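Dear colleague,

I am handing over the structure below, and I would be glad if you could look through it before reading on.

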Amino acid sequence: MTRQLYKATKLFDGYSFQENVIFAVEHGKISYEVSDVSEPVEQLNGLVVPGFIDVQVNGGGGAFFNAEQSTQCLAKMLSAHGQFGSTAIMPTLITDKVEVMSAAADAVAEAVANHQAGIVGIHFEGPHLSHPKKGTHSEQYIRSISDDEFAIYARQDLGIKMVTLAPETVPIADIERLVKLGVKVCIGHSNADFDTTMNALRVGATGFTHLFNAMSAFTSREPGVVGAALWDDNSWCGLIVDGHHVHSTSAKLAIRTKQRGKIMLVTDAMPPVGTDDMEFDFFDGRKVIRTGDRLNSTTGELAGSVLDMASAVRNTVNDLDVSLGESLRMASMYPAQYLSIPTKGHLTHGADADFVLLDDSLLANATFIAGQKI
């Protein structure tokens with residue numbers, strides 16, 4: 001099928017809400033040039049919105065990228081998150097051995113080459129982090145950048161490349177080198193001061209990983225990483241809105257303070273998303289235990305989340321008093337802009353046909369990637 005017509009009772013295209021909209025999906029793209037309505041039209045009862053884009057996904061559906069580096073693992077992750085409206089994800093490998101990083105890169109390269117639905121690149125969260133701000137990352141694997149890692153970051157077959165690092169542990173010349181290699185450098189798990197952080201931004205870092213968590217705090221005499229993240233108008237911040245990682249007032253303050261369009265919702269999701277699993281094995285001998293909707297490692301730290309993007313949108317609307325339209329943009333348009341994917345994150349004419357059908361409670365009823373229901 002090359003063309004399918006849909007009628008949405010309500011549609012948000014990323015800019016405005018519309019009612020009773022007929023649109024077509026042709027060759028995986030959105031079209032509003034619909035003159036022949038005698039063709040079969042599929043009714044979509046609910047709110048059609050742009051597909052969610054999550055730049056930090058460690059696992060889902062029982063799959064854990066650090067435990068299994070394969071396209072099958074990536075498919076499980078996408079399937080788990082797709083049921084909650086995610087149409088594009090950045091599989092995220094947390095601090096691990098270089099051999100695991102290489103295998104993860106190979107898996108993503110294969111997925112990208114095969115146009116595997118929803119896989120747009122890879123996010124290496126570590127291993128070049130701060131020991132005091134390591135969070136649940138394995139201390140034994142935290143290290144400087146070696147030639148082996150630079151060889152991975154230089155690959156051109158990985159789609160979009162992200163690296164989360166602590167700028168106080170990485171020479172400024174190495175950050176410049178990463179940027180020249182096409183890597184989107186994110187600052188995270190960092191105890192850097194304000195000036196060090198701003199210097200990293202000056203040479204091309206563009207993001208902050210899970211704002212507030214595992215980074216130096218904002219204080220009266222030293223703004224720290226948090227201060228730099230909120231002060232800088234040109235960078236993006238990932239925000240985990242699960243009620244555990246960030247106090248609602250802190251999140252509201254960040255949204256009020258940061259340049260509009262520069263805060264994006266992320267999940268930092270772990271394997272239990274989409275399952276009833278209550279624990280899983282971390283790859284360094286520890287376990288991660290689920291208590292309600294919170295995950296902690298057996299050493300006590302928060303260990304990612306069981307958050308999905310539809311829940312993140314609902315939490316942002318209900319707990320942070322952000323409008324529905326802006327919350328949806330934080331889950332779709334703004335991460336697309338961060339990743340420099342102009343065809344995603346909105347549903348205007350010619351956009352990728354990545355969309356979600358939400359019900360009145362903002363639960364995902366159906367998800368489409370390139371026009372194909374998943």
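Two residues are said to be in contact when heavy atoms of theirs lie within 4.5 Å. On that basis, and bearing in mind that this is a predicted model, residues 24 or more positions apart account for 68% of the contacts in the chain with a separation of 6 or more.

As for the chain as a whole, it holds ten helices and 20 strands. Its radius of gyration is 20 Å, close to the 21 Å that the globule rule gives for 374 residues, and the chain is therefore as compact as a globular protein of that length. Taken along the principal axes, the box filled by the C-alpha atoms is roughly 65 × 45 × 40 Å.

Turning to the interior, nonpolar side chains tend to be buried together in soluble globular proteins. Here the largest nonpolar core has 93 residues, and those with the most contacts inside it are F52, F65, F124, Y153, L339 and L358. Helix 2, which spans residues 98-113, gives the most to this core, with nine residues. Apart from it lies another core, made up of 15 residues, among them V21, I30, V48 and F355. If residues up to four places away in sequence are not counted, L358 touches G46, L47, V49, F52, L328, L363 and A364.

One of these partners of L358, namely L328, is also among the buried residues of helix 9, which are G325, E326, S327, L328, R329, M330 and A331. Helix 9 covers residues 324-331, and because seven of its eight residues are buried, the helix is largely enclosed by the rest of the structure.

Finally, there is an open sheet of three strands, in the order 15-16-17 and with antiparallel pairing. Strand 15 (279-281) and strand 17 (294-297) stand at its edges with a single partner strand each, so one side of each is left without a neighbour in the sheet. From one strand to the next, the twist averages 20°. Strand 15 runs antiparallel to strand 16 (residues 287-291), to which three bridges join it, and D281 stands opposite K287 in strand 16.

With kind regards

How values were computed. Residues are numbered from 1 along each chain as its sequence is written. This is a predicted model: local features need pLDDT of at least 70, side-chain atom pairs count only at pLDDT 80 or more; totals for chains, interfaces and linings use all residues. Side-chain values use heavy atoms; hydrogens and water are left out. Two strands pair if DSSP finds at least two bridges between them. Helices (H or I, at least four residues) and strands (E, at least two) are DSSP runs, numbered from the N terminus. Axes are lines fitted to C-alpha atoms, for helices over the stretch in contact, and angles run from 0 to 180 degrees between N-to-C directions. Buried means under 20% relative accessible area, exposed over 50%, partly exposed in between (1.4 Å probe, protein chains only). The radius of gyration is taken over C-alpha atoms; the globule rule is 2.2 Å times the number of residues to the power 0.38. A nonpolar core is a set of buried Ala, Val, Leu, Ile, Met, Phe, Trp, Tyr and Cys residues joined through side-chain atoms within 4.5 Å.
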